[in-house]
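Colleague: I would like to go through this model feature by feature. Please take the general idea of each feature and then the case at hand.

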Amino acid sequence: MSSYFAQEVPLSWYLLLSAALFSLGVVGFLIKRNLITVFMSIELMLNGVNLSFVTFAQQWHAVKGQIFVFFVMMVAAAEAAVGLAIIIAVFRARATLAVDRIDLMKL
Amino acid sequence: MNAYLHLWLIPLLPFAGFLINGILGRRLPKWLVTAIALLAPLAAFGVVLNASVLGLLPLFVDPTGIPSLPGVSLPYIETCPLPWINAGMLHINFSFVLDQLSLVMLLVVTGVGFLIHVYSVGYMGDDKGYARYFSYLNLFLFFMTVLVLAGNALVMFIGWEGVGLASYLLIGFWFQKKSAADAGKKAFIVNRIGDFGFLIGMFLLIANFGTLTFTDIAAKLGQDPGWNGGVVTVIALCLMLGAAGKSAQLPLYIWLPDAMEGPTPVSALIHAATMVTAGVYMVARTHVLFDHSPFALSVVAIIGAATAIFAATIALVQNDIKRVLAYSTISQLGYMFLGCGVAAYSAAIFHLMTHAFFKALLFMAAGSVIHAIGGEQDLRKMGGLRKKLPVTFWTMTAAVLAIAGFFPFAGFFSKDAILYAAFLQGTSGKILWFFGVLTALLTSFYMFRLWYLTFMGESRSPDVHPHESPWSMRGPLIILALLSVGGGWIGMERFGDFLAPSVGVLPTETGSARLEILLSIVAVLVALEGWLIADKLYRRKPARPAQWAAALPGGYKLLANKYFVDEFYGAVVVKPLLGFSKFVLEWVVDFGILGGAAWLLGGIATFTGAILQRWQSGNLRSYAAWLAAGAAAVLLFLLVPWATVLASLSAIHLGMAGH
């Protein structure tokens, strides 16, 4: 099964997919105005990175990469919990989720 | 044979008193402060007495010169075993010397000093700064004894500066009063000018003699009897400048009248009896230098005579009792310098000693008067105090007779010794003598003027009820009165012989006993004339002084305003200096350096802030974009080698405009 994979799908494809996912996340982060969408873009970037981690773990037969992925997922889960809580709090306070409007700290 | 004199105890005991009263004085009970303050000078006086007994006894008991008693031979030198200054060729030890000269001076300083301490107990009894006062007074005695005992010029300089400090502290003792604080500063600053001369003199001594020890200098000069004038004159004149500052001679006398702002016992001790005579003492101590420079000697004599008559004329019209005495002190110090200037050092020291007795007494009696009538110092508001203050009156009378030079009071002997020595110095000496006699006339007049205005006639302030001072004040007055009456009976001859090993013999070879008696009679007649004029003006025709003043408004104004010397110095020295330092302070230091530095720092912060602030847009997306761009740039530089070069070039092209 693994040899079949290795033969059929080269490493670069995985990496390209990973980069594409990450870039999608970056672009989404930069252009989206809704806080929840921005948040989702961050998750997308994390998962793009996760993909390259497992790819290399498979490539070099090193379990470290997979462990990293678990860590990233865990942090992402924690971040999601906190982040969503913040988003709810912000929405309650400001009645909006547009990032441009959340600018009380601006000069 | 050679007993230990423990000279180091003499300064150290008052210093201990200073430390204890200065540090703990405010917490100690008053009787303890008094006890410490009085015991310190008394013990020092005891050490001096012990030293003088040990030093003099062999002299009297065994005139053949073979000492049969345990004593010490003078000069007796005590040196600190540790070397003090070792710099190249220069070696200076911390040494004390007891010889005839310093012995006389020590007896005066500690003896009169102790009496004034006792007097102060009564005079300063109600003052809040009681302990502070006595600690300063003890500090003064410490430095003064160091000055007197000094075996070389540097140790003397320590004492010299120290007494200046003590004088400053005590003049400004009531520092809440602006005039007192100003007077303290004036005294200190004017003395700095004199000290500058002293310092230059010391540097020249080191450069030319390689030593500061008085005996070594004398020895080196003695080896070369032909060495006259030249650098010795310069050194002597520099030292004279120092002496003129400390002893309030022309042109540096201006601080002494203002120093009367201090408590009266301080005026008696420091500004009449001891510290101001330090200049005379210094000239006598370094007399070998002056002996080798006739020019410097004549400068000393002329300054002395000029100061004597100058200050005496001012004293004629002053109305503040202490100011009259202050100008009188300046005038008498002029006499001493006149004595030094005609190489009659022992006569000068003799007058220094008798002057210490009667001038301290005059000040203390004046203090007693001031104390009695509630702080009033104006002669015009006194009068008729003879019956109310009998002790003060009689002691003051003794002092007035002594300073006026009546036989057989102390001042007669010493003043005549100086005038006689001056008379023998050729034609110029006769001129000096004439001015001396004229000064004697003025002295007698203004002293009796003061005496009449204070004690005679009717009281001019009827609502004041004077009371005689306590015994702590009356006691010292009586002792000093006895000394003022009898202090001169030692006789110039005996005194001169005694001092001869230290300061050389009196140059009286050309004189004769008959001439001396003749001159004495002239002096006494002149003093009598002064008394008679004062008697006429202030007792028989009291309206006359005002008429005279009105008839000669210019002359009176000139004298009453002290020849406008203060105003002159103020316009010529003080004002330009103040203006210049104000300019430097306000424009160069304050505006230029401090303001400039503050402005520069603020400017840098504002400028960099203006640039850096643009990155802090507050726009979340722009931050993220910078982050992504940065990550992309790192990636680019890692992957494409020539990108770094390209980026550098483009950065230069854009002028580092990162945003």
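This is a predicted model: local features need pLDDT of at least 70, side-chain atom pairs count only at pLDDT 80 or more; totals for chains, interfaces and linings use all residues.

Colleague: Which residues in H15(B) meet which residues in H16(B)?

Modeller: From H15(B) the list is Phe358(B), Leu361(B), Leu362(B), Ala365(B), Ser368(B) and Val369(B). Facing them in H16(B) are Thr392(B), Thr395(B), Met396(B), Ala399(B), Ala402(B) and Ile403(B). By residue class, this contact of H15(B) with H16(B) holds 9 nonpolar, 3 polar and no charged residues.

Colleague: At what angle do H15(B) and H16(B) pack, and how far apart are their axes?

Modeller: Helix H15 of chain B covers residues 345-372 and helix H16 of chain B covers residues 390-404; the angle between them is about 145°, and the axes are 9 Å apart. The crossing of H15(B) past H16(B) is left-handed.

Colleague: What is the angle between H11(B) and H14(B)?

Modeller: About 5°, with an axis separation of 10 Å, for residues 278-285 of H11 and residues 321-341 of H14, both in chain B. H11(B) is therefore roughly parallel to H14(B), since angles under 35 degrees are given that label. The H11(B) side of the contact consists of Val280(B), Val283(B) and Ala284(B), and the H14(B) side of Leu333(B), Met336(B), Phe337(B) and Cys340(B). These divide into 7 nonpolar, no polar and no charged residues.

Colleague: Is Gln249(B) buried or exposed?

Modeller: The count of surrounding C-beta atoms settles that. Gln249(B) has 30 other C-beta atoms within 10 Å, and 20 or more make a residue buried, so Gln249(B) is buried. Its place in the chain is the loop between H8 (231-246) and H9 (255-258) of chain B.

Colleague: Which residues is Gln249(B) in contact with, leaving aside neighbours within four places in sequence?

Modeller: They are Ala244(B), Ile303(B), Gly304(B), Thr307(B), Leu333(B), Gly334(B) and Phe337(B). Leu333(B) and Phe337(B) also belong to the H14(B) side of the contact with H11(B). For separation along the chain, take Val300(B): this residue is 51 residues from Gln249(B) in sequence, and the two C-alpha atoms are separated by 9.9 Å.

Colleague: Which peptide bonds are cis?

Modeller: Omega is the angle to read here. The bond from Leu250(B) to Pro251(B) is cis, with omega near 0°, and Pro251(B) lies in the loop between H8 and H9 of chain B. The bond from Phe407(B) to Pro408(B) is also cis, again with omega near 0°. Pro408(B) is in the loop between H16 and H17 (410-423) of chain B.

Colleague: Which residues other than glycine have a positive phi?

Modeller: Ala95(A) is one of them, with phi of about 60°. Ala95(A) sits in the segment after H4 of chain A and counts as exposed, because it has 8 C-beta neighbours inside 10 Å. Ala343(B) is another, with phi near 65°. Ala343(B) is in the loop between H14 and H15 of chain B, and its 23 C-beta neighbours inside 10 Å class it as buried.

Colleague: Where in chain A is confidence lowest, and where is it highest?

Modeller: Confidence in chain A is lowest in H1 (residues 2-8), at a mean of 58, and highest in H4 (residues 64-94), at 93. Chain A has a mean pLDDT of 87, with 90% of its residues at 70 or more. Chain B averages 87, and 96% of its residues score at least 70. For the complex, the predictor gives an ipTM of 0.74 and a pTM of 0.77.

Conventions:
Residues are numbered from 1 along each chain as its sequence is written. Chains are lettered from A and ligands numbered from 1 in the order in which they are written. Axes are lines fitted to C-alpha atoms, for helices over the stretch in contact, and angles run from 0 to 180 degrees between N-to-C directions. Helices (H or I, at least four residues) and strands (E, at least two) are DSSP runs, numbered from the N terminus. Angles under 35 degrees count as roughly parallel, over 145 as roughly antiparallel, 65 to 115 as roughly perpendicular and the rest as oblique. Two residues are in contact if their C-beta atoms, placed from the backbone, lie within 7 Å. Ala, Val, Leu, Ile, Met, Phe, Trp, Tyr, Cys and Pro count as nonpolar, Asp, Glu, Lys and Arg as charged, and the others, Gly among them, as polar. A residue is buried if 20 or more other C-beta atoms lie within 10 Å of its own, exposed if 12 or fewer, and partly exposed in between; C-beta atoms are placed from the backbone. pLDDT is the predictor's confidence in each residue, from 0 to 100. A crossing is left-handed if the near helix is turned anticlockwise from the far one by less than a right angle, and right-handed if clockwise.
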